[in-house]
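Thanks for making time this morning.

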Amino acid sequence: MDAVQDGKTGLLFEAGNVFELQERLRLLLGDAALREQSFGCVEGLTVDEIKQRYPEAWAGWLRFDENYRMPEGETTRQFHARVMDAMNRLAATHRGETIVVVTHGGALDMVYRTVGNDWVHRTRYGNGEQARVTVFGLH
């Protein structure tokens with residue numbers, strides 16, 4: 001591989017031995033566009049806290065309307081555009097190279113939907129896995 005990209009500065013420091021990787025790879029750290037979706041005023045709350053404090057917001061979230069956003073957050077459509085803009089930029093910048101992108105499950109969900117041409121036909125992707133390796137190409 002030719003480069004490593006993460007969605008949160010420092011994530012690779014938690015994921016593995018960066019010093020060893022630096023000898024073999026060109027590291028690109030901290031692209032904020034690959035961070036998780038912004039959930040606004042419910043950021044950091046547990047599901048139970050959201051249900052109690054913001055029951056209408058929780059009901060809206062469960063409908064999976066791509067234009068819905070938690071109060072002060074971003075819509076799934078905005079999130080999708082942000083993530084795919086970053087992925088397309090990386091693909092253009094590193095054309096012909098093999099790169100690794102380390103990011104969150106929600107950001108990966110947006111990529112899976114794009115690669116699978118499956119925007120509104122299913123609910124959120126996710127099965128509780130804490131780590132996954134997925135290989136795909138963007139051209």
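Before I start, when I call a residue buried I mean that its relative accessible area is under 20%, and by exposed I mean over 50%. Please also bear in mind that what you see is a predicted model.

With that cut-off, buried residues account for 35% of the 139 residues in the protein. The secondary structure consists of 6 helices and 3 strands, and reading from the N terminus the order is β-α-α-β-α-α-α-β-α. If we take the contacts between residues at least 6 apart in sequence, 64% of them join residues at least 24 apart.

The largest nonpolar core has 11 residues, namely A33, L34, F79, V83, M84, A86, M87, L90, A107, M110 and V111. Both α5, residues 76–93, and α6, residues 105–115, supply at least two residues each to this core, and the largest share, 6 residues, comes from α5. Apart from this core lies another one, of 7 residues, which includes I50, A57, W58 and W61.

Now to α5 itself, which has 18 residues and spans 25 Å from its first C-alpha to its last, close to the 26 Å expected at 1.5 Å a residue. Its buried residues are T76, F79, H80, V83, M84, A86, M87, L90 and A91. Why do these sit on the same side of α5? Because they cover an arc of only 155 degrees around the axis. On the face turned away from that buried side, α5 carries the exposed residues D85 and T93.

Notes. Residues numbered from 1 in each chain as written. Predicted model: local features only at pLDDT ≥ 70, side-chain atom pairs only at ≥ 80, totals over all residues. Heavy atoms only, no water. Helix = DSSP H or I, 4+ residues; strand = E, 2+ residues; numbered from the N terminus. Buried < 20%, exposed > 50% of the residue type's maximum accessible area, 1.4 Å probe, protein only. Contact = heavy atoms within 4.5 Å. Core = buried A, V, L, I, M, F, W, Y, C linked by side-chain atoms within 4.5 Å. Expected span 1.5 Å × (residues − 1). Arc of directions from axis to C-beta.
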